[in-house]
Amino acid sequence: MWRNRGCIILLAVMLTISGGMVFAEESEDGMPLEESQMKKTLLDEDIADGIIASETDGDITWEINADGKLTVNGTGDLSGTHESEDFAWRLYSNQITSAELNVTGMTDASCLFKNCTNLVSVNLDNFDTSSVTKMQGMFSGCENLTGVDVSGFDTCNVTNMAEMFWNCMNLVSVDVSGFNTCNVTSMGGMFCRCISLTSVDVSGFDTRNVTNMWWMFYGCSSLTSVDVSDFDTGNAVSMAGMFWDCSKLSSVNLSGFDTSKVRDMGWMFAGCSGLESVDLSSFNAGHVTEMRNMFRGCSRLKRIKTPYNVNAITDLPDVLDMTWLYSDGTEVTQLPQELGYSVVLTRSDVWERPVPTPVPTATPEPAPTFAPAPTATPEPVPSPIPTPTPVNPPSSDAAQKVQNFVSRMYTVVLGRNAEAAGLHDWTNRLLTHKIDGAGIADGFVMSDEFKNRRLNDGDYVDTLYRTFFNREADQGGRAT
């Protein structure tokens, strides 16, 4: 190899001495003619020797033999920018069909096999990853890699796994169940466009420090399930496109997700055409500024438990001849905004009209008796008011019961169905303890709209009984 390089250097010197004007002429590949001829001569002679390329880089040596096998031996890191086109063996990446790493002490393993499009097997048995901090893009663009054994990786020091298997389109399985991810901050695009991946076990991932989960499973169109139920997302900032185009995913458990710091949920479930229901009732969307196309292409989605504190606009899935409805049948086209609680939205083809609460049969009440007024006693000195305990967001069931109560106020007191804005405003006030049940009933009964109904005395009393007691008035009560 070095003999060939020596010949090239001598030839270059001779051409320079003779005037060097031949370099003005270019070969078909755009390279100066003599340089192109020298490179061709070098490759031809190396291939004849059984070597396509080789190099010593610090304490690491690598070579690619005529069969396309890359062998890397040594200790420490490779020089240069790992993302650049001339990094290490990248100029020969499409000639690499297999690889073997016998390396220790490496800290940066990012983009090691980037765009090795013909790589089909990798032996990593002797690759010590205990010092590695960067694995982003490690196998990015390895389109023909069907499997890779990374089960022995020590990842306790790794901070970046973004795009690790990006565009590994033929990767059927990969065992990452043993990965220690406690220091990882980015998993963005980790399995992006692994279109042949049918399953991946990430249930043991420690994601407490992860801030980026964007495009994590984007394009995993063969993935039928993924367990992210134990993900700690308290520091996550971006979930954009996290499950985008996971078209075979029928359900995903996100009930434990903490989204209090998330800013971007755009395209999060876009293209999830197999998803039938999604429970986002634990999602606090108070800081989310981007939610566009969150459900775009979710053609089978029929039920959504919405996030709460939604401020950003996002349209609900648009399905021909179908609409989205609140539980009371009110039509909605976007996720409800500025509600401090979750509500259930149902697609019109599966929505069922709620069964009204039956009014119990009236029973006579005894005539009221009046006890003598008690002797006045000194009032006790009030104790200091305790600091209120923070109230967690109500469950969807509790919110639904409150909403049904408010809806009854409309039908009983005002004699009409509730409009969406009023219904959700009154419901929100009750759930956030800005008003109690008696207060809302009083608000309806004292409203100008109720007064304008001009009920006679009997109808007025009947309405009060239905409002405050949820039953018909008895004869004794009506008489008094």
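Which side chain meets that of Glu100 in a salt bridge? The partner is Lys69, with N and O 3.0 Å apart. A salt bridge here is a side-chain nitrogen of Lys or Arg within 4 Å of a carboxyl oxygen of Asp or Glu. The pair links distant parts of the chain. Glu100 belongs to strand β4 (residues 98-104), Lys69 to strand β3 (residues 69-75), and the two residues are 31 apart. Helices (H or I, at least four residues) and strands (E, at least two) are DSSP runs, numbered from the N terminus.

The model is predicted: local features need pLDDT of at least 70, side-chain atom pairs count only at pLDDT 80 or more, and totals for chains, interfaces and linings use all residues. Residues are numbered from 1 along each chain as its sequence is written, and side-chain values use heavy atoms, with hydrogens and water left out.

By the salt-bridge rule, the count comes to 7. Side chains of opposite charge can pair when their charged atoms come close. Lys69 has a relative accessibility of 30%, so Lys69 counts as partly exposed. Buried means under 20% relative accessible area, exposed over 50%, and partly exposed in between (1.4 Å probe, protein chains only).

A second salt bridge joins the side chains of Arg416 and Glu449, at 2.6 Å from N to O. Arg416 lies in the loop between α3 (396-414) and α4, and Glu449 in helix α6 (residues 448-451), so the pair ties together parts 33 residues apart in sequence. Arg416 is partly exposed because its relative accessibility is 29%. Glu449 is partly exposed too, with a relative accessible area of 35%.

An α-helix has 3.6 residues a turn, so residues three or four places apart point the same way. Asp425, at 35% relative accessibility, counts as partly exposed. Arg429 counts as partly exposed at 33%. Elsewhere, salt bridges that share partners join Arg416, Glu419 and Glu449 into one network.

The length of α4 (residues 420-431) was also checked. The expected span is 1.5 Å times one less than the number of residues. For these 12 residues that gives 16 Å, and the end C-alpha atoms are 16 Å apart, which agrees. The buried residues of α4 include Leu423, Trp426 and Leu430. After α4 comes His433, whose phi is positive, near 60°.
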